[in-house]
Amino acid sequence: MLVLNKVTKTYDGEKKAVNQLSLEVAPGEIFGFIGPNGAGKTTTIKMITGLLPPTAGQILINGVDLATSPVAAKRNFTYVPDHPEIFSAIRGIDYLHFLADMYDVSAQTRRVRIEQYTQLFGIYDFLGEIIQSYSHGMKQKLVICGALLPEAPLFILDEPLVGLDPLAAKHLKEIMGKRCAAGGTVFFSSHLLTIVEQICDRIAVINQGELIACDRPERIKNGSNHSLEEIFLELTKDA
Ligand SMILES: Nc1ncnc2c1ncn2[C@@H]1O[C@H](COP(=O)(O)OP(=O)(O)OP(=O)(O)O)[C@@H](O)[C@H]1O
Ligand SMILES: [Mg+2]
């Protein structure tokens, strides 16, 4: 579903924010992307979502090359960024219709899904208000609802659980699980290692732009009784 082939990003000068990163994420997987602050997670996600061009390397989404067929590749995923910076002068409902239009979600389907997801996340009653009036968490829930609407095969999230209340976090985790059970794919970054350990089929650890581990949680722990947090701290102690 998602293939990264020796993807590298250099911002300015010599330092590589991401260095020769190769990954394959299969359909049906919940894939966790972890690493210390500044390790290169957001940079990688911005390259996967087409927001930043890689300096080198190739990204395939559902077999489509993001560099040569960006629109076709982007139809295969939706994305929840780390900060919910969205249009503030329009109403929540307008934002959701805008996203539904982008992904050709039919009028009937969008009506059902908008109600279903916004009721679940408790923002249904606020959809008629302009986004500027939303709290940080409400904006984040709106972005999540918008990203859920198209039910694209790949769901990409950058630290989605930060700022969500416990009930919303629980709902989001359940939706991620359901998406994967139905054959979809979830790729997300997080610092919440207990949750990552609980819900992910596989985990990649990135440190200083380099992939240092990529495996099932129990294999990353290598049969030890240590928590993922302890293993993570050991793996990244030079960060
Ligand atoms: N726009 C930019 N210009 C220059 N350097 C940048 C830019 N964005 C990120 N970097 C650098 O790239 C490296 C990786 O940053 P990135 O934001 O990808 O880290 P991250 O793993 O998402 O960290 P965090 O856990 O704090 O979100 C860091 O050294 C950072 O300083
Ligand atoms: Mg980040």
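These legends describe close-up views of a predicted model.

The model is predicted, so local features need pLDDT of at least 70, side-chain atom pairs count only at pLDDT 80 or more, and totals for chains, interfaces and linings use all residues. Residues are numbered from 1 along each chain as its sequence is written, while chains are lettered from A and ligands numbered from 1 in the order in which they are written.

View 1. Helices (H or I, at least four residues) and strands (E, at least two) are DSSP runs, numbered from the N terminus. Ala, Val, Leu, Ile, Met, Phe, Trp, Tyr, Cys and Pro count as nonpolar, Asp, Glu, Lys and Arg as charged, and the others, Gly among them, as polar.

**View 2. The open sheet of six strands.** The strand order is β6-β7-β8-β3-β9-β10, with mixed pairing. The edge strands are β6 (77–80) and β10 (210–215), and each pairs on one side only. Neighbouring strands of this sheet are turned by 15 degrees against each other on average, direction ignored. Two strands pair if DSSP finds at least two bridges between them. Strand β9 (residues 202–207) meets β10 in the antiparallel sense over five bridges. There, Ile206 stands opposite Leu211 of β10.

View 3. α1 lies across β3 (30–34), β7 (154–158), β8 (185–189) and β9. α1 runs at about 145 degrees to β7. Helix α6 (residues 166–181) lies across β3, β7 and β8, and runs at about 145 degrees to β8. Axes are lines fitted to C-alpha atoms, for helices over the stretch in contact, and angles run from 0 to 180 degrees between N-to-C directions. Two residues are in contact if their C-beta atoms, placed from the backbone, lie within 7 Å.

**View 4. Helices α3 and α5.** Helix α3 (residues 92–102) packs with helix α5 (residues 136–148) at an angle of about 25 degrees, their axes 9 Å apart. α3 and α5 are therefore roughly parallel to each other (angles under 35 degrees count as such). Gly92, Tyr95, Leu96 and Leu99 of α3 make the contact with Leu142, Cys145 and Gly146 of α5. These residues divide into five nonpolar, two polar and no charged.

**View 5. The open sheet of four strands.** The order here is β2-β1-β4-β5, and the pairing is antiparallel. The edge strands, β2 (16–25) and β5 (64–65), each pair on one side only. Strand β1 (residues 2–10) is joined to β2 over six bridges. Val7 has Leu21 as its bridge partner in β2, and Leu2 stands opposite Val25. The hairpin of β1 and β2 has five residues between the strands, and in this hairpin Gly13 takes a positive phi near 70 degrees. Five bridges join β1 to strand β4 (residues 56–61), again antiparallel.

Note on methods:
Parallel < 35°, antiparallel > 145°, perpendicular 65-115°, else oblique.
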